[in-house]
Amino acid sequence: GTEKSPGFKLFAVSGHVANPGIYEAPLGITMRELLEYAGGVRNGHDLKFWLPGGSSVPMLTADHLDTPLTYEDIAAAGSMLGTGTPMVFDETTSVVRAITGWLDFYKHESCGKCTFCRIGTLRMLETLTRITEGKGELEDITRLEELANNIIKGSLCGLGQTAPNPVLTTLRYFKHEYLAHIEDKRCPA
């Protein structure tokens with residue numbers, strides 16, 4: 001491990017890799033090295049994005065593959081190591097469709113105590129569903145950003161505070177996919 005993140009960690013690597021599984025590695029290993037353990041991205045495909053700690057952490061791209069997998073380095077890259085369950089996705093993945101499924105899960109998992117989480121995740125899911133069905137409008141992008149930021153600020157627990165992360169990071173890295181769904185009425189993946 002490293003000075004601030006000593007020791008080893010179990011990493012459960014899943015998604016579009018040749019050999020998904022649980023790998024014990026020292027903290028500080030890079031995702032590029034961990035991907036090598038897992039046999040790399042599945043044959044004939046390229047990495048599109050990855051999540052270092054499960055679906056609710058901010059996603060990272062190939063530009064982040066050499067970031068050490070430590071709590072502080074991943075935080076500095078704008079994400080969270082979280083549960084240490086890197087999820088890997090290749091270019092065949094529609095980010096808009098993927099996060100729509102995740103938002104459906106988060107909406108279902110909300111305990112209902114916080115209005116921001118209970119209603120906000122539902123509204124984000126409705127907006128994403130409308131976009132994936134080719135019924136989206138450009139205003140939906142602004143609506144999603146506002147909803148996501150309000151849910152983060154107004155939620156009392158970790159679910160509401162992290163559920164918007166996939167929306168915000170896909171808008172940061174893959175806004176063009178939203179625009180393809182909205183303007184061209186097609187999924188680019």
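Me: A polar contact is a pair of N or O atoms within 3.5 Å; within protein, one must be able to donate a hydrogen and the other to accept it, and residues adjacent in sequence count only if both atoms are side-chain atoms. Which backbone oxygen does the side chain of K185 reach?

Reply: That of G134, at 3.3 Å. This is a predicted model, where local features need pLDDT of at least 70, side-chain atom pairs count only at pLDDT 80 or more, and totals for chains, interfaces and linings use all residues. Residues are numbered from 1 along each chain as its sequence is written, and side-chain values use heavy atoms, without hydrogens and water.

Me: Where is K185, and what is its phi like?

Reply: K185 sits in the segment after α8, with a positive phi near 55°. Helices are DSSP runs of H or I, at least four residues; strands are runs of E, at least two; both are numbered from the N terminus.

Me: Why does K185 count as partly exposed?

Reply: Because its relative accessibility is 48%; buried is under 20%, exposed over 50%, partly exposed in between (1.4 Å probe, protein chains only).

Me: And α8, which residues are buried?

Reply: In α8, residues 175-183, they are E177, Y178, A180, H181 and I182. Their cover includes β3 (47-51), α3 (95-109) and α4 (115-132), along with α5 (139-154) and α7 (165-173).

Me: Whole chain: how much is buried?

Reply: 49% of the 189 residues. The C-alpha trace spans about 45 × 40 × 25 Å along its principal axes, and the chain has eight helices and four strands.

Definitions and conventions: Contact = heavy atoms within 4.5 Å.
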